[in-house]
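Me: I'd like to learn how to read the surroundings of a ligand and the packing of a helix. Could you take me through an example?

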Amino acid sequence: MIIKNLMVTGGCGFIGSNFIRDLLARPDFTGRIINVDKLTYAGNPENLAGIGEEYPGRYLFRKADICDRRLVRELFEMDEVDAVCHFAAESHVDRSIRHPEDFIQTNITGTFNLLETARASRGFVLFYQVSTDEVYGSLGAAGYFTEETPYRPNSPYSASKAAADHLVRAYHHTYGLPAIISNCSNNYGPYQFPEKLVPLMILNALEGKPLPVYGDGKNVRDWLYVGDHCDAIWTVMKEGAPGETYNIGGNSEMENIVIVEMICDVLDEMAPASPGRSRRNLIAFVKDRPGHDRRYAIDATKIRRELHWAPRESFVSGLRKTIAWYLDNRVWIDHVRSGSYQDWIQEHYGG
Ligand code: NAD
Ligand code: DAU
């Protein structure tokens, strides 16, 4: 399968921007990327600053809402799209609990629009749905999510992703659309918006602010460095079978409190606080997230066995890289924190 014009949706977000940088640098991808992003609060053009100049003729940015079907269809035709890697989503669980509406629109209707357009498109080779382990619900102390685990989403976010996954599966089954789904565990790494656990804790700790740990801090997530996720997606795009689902994970289960303590300790070592106090003193247990899933853990046997993929980073090496990146990128942080990139979007694109 040769992809000439790959539409990446949500390419200005955390994982999408890492994926675009990563893919353009690969010798085994020679096509063009069309990045379609609405630039919500989570979409930051600075994540891809200079990429167009670095890869002339191979990167196009289209500011567009995937909920606008007519526009999506126009872009497919104009840019001769033959494959989609679909990241665009409302992605933050806490926001979905407060305001579910946008999650329904973007995650379900937006995915439906892309599927409808892809199905009508001649020469279309692949629809890749980037999904999450949260669709499987919550685990007890034992067991893992496999590709056969039934979907039992618990938050408006995971329910909207589950609905989208079902549509993707149905379009393959009913219309023969070449589609693949991957369900990945929690990512962390450069360019992650500081509402998510890892960057929020890094930035709050650097600023001497409280580190809010939900509930008893013993909820478990399975962590994967973003570069490893991007590598897995490209492996599945190239070698995965249409109609299949692949679980992606780092075999790196950890309680939230352990992660927060590790972040404090690494920061104390790499950027000591002035009076030499441990940043662990900033940890504050706060009210739990409603409906908070207790444990996620991915069984990634299938992708390892069938596609020979395995993560390169351990949690410790990935966390150190991530913290080093946040320490080295104060301007990015300042712009995200002050919202000045939103001003830039307003100036350049309007609305
Ligand atoms: P993100 O919130 O950082 O980025 C989402 C991007 O989508 C932003 O650039 C935003 O502007 C864009 N977007 C939102 N609504 C849009 C719309 N209507 N039209 C066009 N663009 C729109 O998200 P992320 O953390 O990079 O996650 C990317 C994908 O990966 C999501 O589908 C998410 O469900 C999935 N995922 C994330 C994780 C994780 O740990 N972050 C893990 C597994 C799967
Ligand atoms: O599992 C994959 C999912 O991981 C993705 O599909 C989602 O898009 C992504 O946001 C992430 O969801 P989580 O809810 O697991 O991530 P979050 O960073 O919000 O929280 C991780 C854990 O840390 C969770 O148990 C809640 C807890 N937490 C989070 C925040 C923001 C805290 O204790 N304090 C906090 O301030």
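**Ligand shells, a helix and the cores**

Reply: Let's start at ligand 1: E5 supplies three residues to its shell, the largest share. This is a predicted model, in which local features need pLDDT of at least 70 and side-chain atom pairs pLDDT 80 or more, while totals for chains, interfaces and linings use all residues. Residues are numbered from 1 along each chain as its sequence is written, chains are lettered from A and ligands numbered from 1 in the order in which they are written, and side-chain values use heavy atoms, without hydrogens and water.

Me: Which residues are the closest around ligand 1?

Reply: A residue belongs to the surroundings if one of its heavy atoms lies within 4 Å. For ligand 1 there are 28 such residues, and the closest are Ile15, Asp37, Ser91, Tyr157 and Lys161. Look next for polar contacts (between ligand and protein, a pair of N or O atoms within 3.5 Å). A polar side-chain atom of Lys161 is 2.6 Å from an oxygen atom of the ligand, and a backbone N or O atom of Ile66 is 3.0 Å from a nitrogen atom of ligand 1. Of the 840 Å² that ligand 1 exposes when taken alone, the protein buries 96% (accessible areas by the Shrake-Rupley method, 1.4 Å probe).

Me: How many residues surround ligand 2, and which are the closest?

Reply: The shell of ligand 2 has 24 residues, with Thr132, Asp133, Tyr157, Arg289 and His292 the closest. Arg289 places a polar side-chain atom 2.6 Å from an oxygen atom of ligand 2. For the side chain of His292, an N or O atom is 2.7 Å from a ligand 2 oxygen. Helix H7 (197-206) and strand E8 (211-214) are the elements that give two or more residues to this shell; helices (H or I, at least four residues) and strands (E, at least two) are DSSP runs, numbered from the N terminus.

Me: Why is H7 described as largely enclosed?

Reply: Count its buried residues, meaning those under 20% relative accessible area (1.4 Å probe, protein chains only). In H7, seven of the 10 residues are buried, so the helix is largely enclosed by the rest of the structure. Among them are Val198, Met201 and Leu203. The buried residues of H7 pack against elements including strand E9 (220-225) and helix H9 (256-270).

Me: And what is the idea behind a nonpolar core?

Reply: In soluble globular proteins, nonpolar side chains tend to be buried together. A core is a set of buried Ala, Val, Leu, Ile, Met, Phe, Trp, Tyr and Cys residues joined through side-chain atoms within 4.5 Å. Here the largest has 80 residues, and Phe19, Tyr128 and Met237 are among those with the most contacts inside it. Apart from that core lies another of 21 residues, including Ile66 and Leu115.

Methods: A polar contact is a pair of N or O atoms within 3.5 Å; within protein, one must be able to donate a hydrogen and the other to accept it, and residues adjacent in sequence count only if both atoms are side-chain atoms. Buried means under 20% relative accessible area, exposed over 50%, partly exposed in between (1.4 Å probe, protein chains only). Contact means heavy atoms within 4.5 Å.
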